[in-house]
Each structure stands twice: as C-alpha cells, then as structure tokens.
Amino acid sequence: LGSDNTPNPVKLPKGWRVGDPYEKAFQGASGSAAGKDQGETMATYESVNAKMPGLEKVVTELNGIADEATYTVGGNLWNEALKQTGFGPSAGAVARTKYMAMVDNQVLPLLKDTFGAAFTVSEGQSLRDTLGDPNKTPEEKKMVLEAFIEQKRRDVNALASRTGNAPYQTPAGALGAGAGVGNMRKTQSG
C-alpha cells in the first residue's frame with residue numbers, strides 16, 4: 001500500500017509471474033514423474049548395456065552351432081538310431097541339443113534379467129518358438145538370430161537416445177558387426 005493507503009501494483013522482474021498453489025503442485029508432480037521415468041530408463045539402459053556383450057557372444061556362438069545341428073527328419077531318425085543302438089549321439093545331435101539348451105538356459109534368462117517386466121512369458125515362449133526352433137535350416141536359424149540381435153541393438157540404442165548416452169557399439173567379431181543397425185544381410189529368394 002502507498003502512503004495514502006491505496007494499492008500499488010507490484011512490479012516483478014521481467015519474466016516473473018505470481019503462481020498459484022495448484023500450478024506449483026502440478027509442476028512438482030510432473031517433475032517427480034519425469035524424474036522417476038528418467039531414473040528408471042537410465043537404470044534399464046545401464047543394465048541392458050552391461051549385458052549386451054554377453055548376449056552378443058551367445059548369439060554369435062549360436063550362429064556357429066546352426067551349421068552343425070541336425071534339423072531334418074532323416075537326420076533326427078539317424079541320431080535316434082545311433083543312440084538306441086549304443087553308438088552314442090552324432091555331432092549333429094549334440095549340436096542340436098546344445099543349440100536348444102543355449103536358447104533355453106542362456107538367451108531367455110538373460111533377456112528376462114535384462115528387460116525385466118517388459119519381457120513377458122508369452123514373449124519368451126514366442127522367442128523360444130522362433131529363435132530356438134531346432135528344425136529350421138541353418139540359413140533360417142542364422143536369419144532369425146540376425147533379426148533378433150539387430151532388434152536388441154535397436155532397443156539399447158533407443159534407451160541410449162532417451163538417456164543422452166552414446167549409441168551401442170557392436171563388438172568386433174559379433175554377428176552382423178560392421179553393418180549398421182537394421183542393415184540385414186540380403187538373401188536371394190527362389
């Protein structure tokens with residue numbers, strides 16, 4: 001109030017304004033939600049980024065086993081005949097079993113641990129049905145593996161982008177190393 005008890009307008013510095021308690025509460029809640037989301041995203045990014053080299057290694061190893069694993073009905077019958085007659089398993093049978101075991105015991109648990117609640121049981125079963133299908137030809141298995149690891153690289157790069165981190169660097173010698181994310185190997189059809 002002025003000396004004559006008349007109201008004087010308050011002069012605020014440029015860019016300042018009087019806020020109300022509702023706006024303040026809204027801004028506080030918005031900031032808390034954004035901070036929580038950013039914190040969870042950063043934690044997920046750090047977890048995924050730390051585990052990607054292991055996933056890359058397993059997928060590269062699976063890619064090599066794909067050439068050795070038995071996948072035909074005739075090959076499976078031969079393997080069973082060898083086993084039942086006491087000659088032991090063939091190298092193709094051992095590779096087939098190793099391929100399925102690696103998907104079940106290394107890839108799926110690593111993904112569950114890495115992606116947590118985002119990795120559902122139905123996604124795990126679907127992935128097992130495609131990635132772990134022992135009856136696919138070596139070429140089919142390799143294409144499934146390549147598509148799978150490329151998607152995981154895109155996932156970690158999306159997290160890197162959201163958190164302001166550098167994109168994921170594919171290790172040398174990994175499946176598809178040297179190709180950009182999404183640059184899948186081209187095959188001839190027919």
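Biologist: How should I read the place of Ala95: is Ala95 buried or exposed?

Modeller: The terms rest on relative accessible area: buried is under 20%, exposed is over 50%, and partly exposed lies in between, with a 1.4 Å probe and protein chains only. Ala95 has a relative accessible area of 5%, so Ala95 is buried. Its place is in helix H3. Please keep in mind that this is a predicted model, in which local features need pLDDT of at least 70 and side-chain atom pairs count only at pLDDT 80 or more, whereas totals for chains, interfaces and linings use all residues. Residues are numbered from 1 along each chain as its sequence is written, and side-chain values use heavy atoms, with hydrogens and water left out.

Biologist: Which other residues of H3 can be read in this way?

Modeller: Ala93 and Lys98 both lie in helix H3. Ala93 is buried, with a relative accessible area of 13%, whereas Lys98, at 40% relative accessibility, counts as partly exposed. For the chain of 190 residues, 31% count as buried.

Biologist: How many helices and strands does the chain have?

Modeller: Helices (H or I, at least four residues) and strands (E, at least two) are DSSP runs, numbered from the N terminus. The chain has five helices and zero strands, and its elements run α-α-α-α-α from the N terminus on.

Biologist: What does the radius of gyration say about the chain?

Modeller: This radius is taken over C-alpha atoms, and the globule rule is 2.2 Å times the number of residues to the power 0.38. A compact globule of 190 residues would have a radius near 16 Å, but the chain has 28 Å. The C-alpha trace spans about 115 × 30 × 30 Å along its principal axes.

Biologist: What span does helix H2 reach?

Modeller: The expected span of a helix is 1.5 Å times one less than its number of residues. H2 (residues 73-84) has twelve residues and reaches 16 Å from its first C-alpha to its last, close to the expected 16 Å.

Biologist: Which residues of H2 are buried, and why do they line one face?

Modeller: Gly75, Asn79 and Leu82 are the buried residues in H2. Seen down the axis of H2, they fall within an arc of 65°, so they line one face of the helix. The arc is that of the directions from the helix axis to the C-beta atoms. Val73, Leu77 and Gln84, on the other side of H2, are exposed.

Biologist: Which residues of H4 are buried?

Modeller: In helix H4 (residues 121-131), the buried residues are Gly124, Leu127 and Leu131. They cover an arc of only 65° around the axis, which puts them on the same side of H4. Leu131 is at 1% relative accessibility and so counts as buried. The exposed residues Val121 and Ser122 are carried by the face of H4 turned away from its buried side.

Biologist: How is a positive phi to be read?

Modeller: Most residues other than glycine have a negative phi. Asn5 is not a glycine, yet has a positive phi of about 65°. Asn5 is found in the segment before helix H1 (21-66) and is exposed, with a relative accessible area of 61%. Gly86, which follows H2, also has a positive phi, near 85°.

Biologist: Which residues line the largest pocket?

Modeller: On a 1 Å grid over the protein atoms alone, a pocket is an open set of points where a 1.4 Å probe fits, with protein on both sides within 12 Å along at least five of seven lines; lining residues have an atom within 4 Å of a point. The lining here consists of Asn76, Asn79, Glu80, Lys83, Pro89, Ala93, Arg96, Thr97 and Met100. H2 and helix H3 (91-115) each supply at least two residues of this lining.
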